[in-house]
Amino acid sequence: MADLRIFSYLPNPRIMKATIAARLCGVDVELRGAKPAELKDWLWDFDARPLSEADRRKTKARAGRVGFKGGQLVKTDAFLAAHPFATVPAAFSPDGTTGIFESNSIMRAVARLDRKRSKLYGSTPYEAARIDSFLDASLVFARDSQIYLLALRDPDFAADIHARTAEAFAIYAAGIDQALQPDRSFLVGETLSLADICFVAELCLFLNERHHRPTLAKRGLTPIVNEQWREQFPNASSHFNRLIAHPAFAPDVGPYLQKLYARAA
Ligand SMILES: N[C@@H](CCC(=O)N[C@@H](CS)C(=O)NCC(=O)O)C(=O)O
């Protein structure tokens, strides 16, 4: 039995947080899920699976709210008890009784299950708290990033959203860049931590804006992460480039970015 089960649409950079940490911690994570569009035909449950006729009869469908707006999702009562915000990624303890939500918390759960003394969650309470600080700052950015990426699905997206998100990205990237100055190798302490993993995953997710280049262009806009970001935030950008080649990151991030760049081109 795996140490943690995660149900989500796949691939999902939010899940990379947990799978990268799992490689470094020697933790066994089981992934269940399918492409985003297919999750409407899945039972949202600890025992997540493609819906059978019996599942459809037994469980009522509910309106999706974030990312699945306009669709109907079949979430069991047990799923809602374990996951009160009803979102994916949705992690579960091996017996299915404890739901863990929010991708940063799922990643923290992996680090707490650490079998390799990886120190991914810091070596002291102060380091752990500083890692939390980066995870909180990342979630603030992630919220803006999510609103922007979902808005771009509509060619008539609200005019101010691009400028607001550009500002949010500049604040986030500047903080990361500052934390790496003058030539630090990691965001917290002297070794890789959850803070570095979270940064890479959030940026991978944000790079999805590239898929919406034509929509942006119609409004006279360009992607927020463009060529200039390397010059504006050199430490943050080289940190990202260094980490995506790291053996614990590459199996997830490599294929994800390859597909993203190929599709965006
Ligand atoms: N901040 C959360 C975001 C999770 C989230 O918003 N998930 C959306 C999909 S992008 C969801 O599950 N929506 C379910 C629904 O629409 O009912 C995390 O990092 O896990």
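Helices (H or I, at least four residues) and strands (E, at least two) are DSSP runs, numbered from the N terminus. With that in hand, let us walk through this predicted model, where local features need pLDDT of at least 70, side-chain atom pairs count only at pLDDT 80 or more, and totals for chains, interfaces and linings use all residues. Residues are numbered from 1 along each chain as its sequence is written, and side-chain values use heavy atoms, leaving out hydrogens and water.

Pro89 belongs to the loop between helix H3 (77-82) and strand S7 (90-92), and a cis peptide bond with omega of about 5 degrees joins Val88 to Pro89. Another cis bond runs from Leu10 to Pro11, with omega near -10 degrees; Pro11 sits in the loop between S1 and helix H1 (13-25). Most peptide bonds are trans, and most residues other than glycine have a negative phi. Against that background, look at Arg117, whose phi is positive, near 50 degrees. Lys119 also has a positive phi, about 65 degrees, although it is not a glycine. Arg117 is in the loop between helix H4 (103-112) and H5, and Lys119 is in the loop between H4 and H5 too. Arg117 counts as exposed, at 79% relative accessibility (exposed means over 50% relative accessible area, buried under 20%, partly exposed in between, with a 1.4 Å probe and protein chains only).

Now for the rings. Rings of Phe, Tyr and Trp (its six-membered ring) pair if their centres lie within 6.5 Å; planes under 30 degrees apart count as stacked, over 60 as edge-to-face and the rest as tilted. The whole structure holds 17 aromatic pairs. One of them is Tyr9 with Phe68, an edge-to-face pair at 6.4 Å centre to centre and 65 degrees between the planes. This pair links distant parts of the chain, 59 residues apart: Tyr9 is in strand S1 (residues 4-9), and Phe68 is in the loop between strand S5 (61-63) and strand S6 (72-75). Tyr9 is buried, with a relative accessible area of 17%, and Phe68 is buried at 16%. Elsewhere, ring pairs join Phe141, Tyr148, Phe169, Tyr172, Phe199, Phe206, Trp229, Phe233 and Phe240 into a cluster.

Rings also meet charges here. The charged end of Arg5 sits over the ring of Phe46, 4.0 Å from its centre (a charge sits over a ring if NZ of Lys or CZ of Arg is within 6 Å of the ring centre and within 35 degrees of the ring normal). Arg219 lies over the face of Phe157, at 4.4 Å from the ring centre.

Our last stop is the ligand. Of the 16 residues around it, Arg65, Val66, Lys75, Val88 and Ser103 come nearest, where being around it means having a heavy atom within 4 Å. Val88 is also a partner in the cis bond to Pro89. An oxygen atom of the ligand lies 2.7 Å from a polar backbone atom of Arg65, and a polar side-chain atom of Ser103 is 2.6 Å from a ligand oxygen. A side-chain N or O atom of Gln146 is 2.8 Å from an oxygen atom of the ligand. Taken alone the ligand exposes 520 Å², and the protein buries 92% of that (areas by the Shrake-Rupley method with a 1.4 Å probe).

Notes: Polar contact = N/O pair within 3.5 Å; in protein donor to acceptor, adjacent residues only side chain to side chain.
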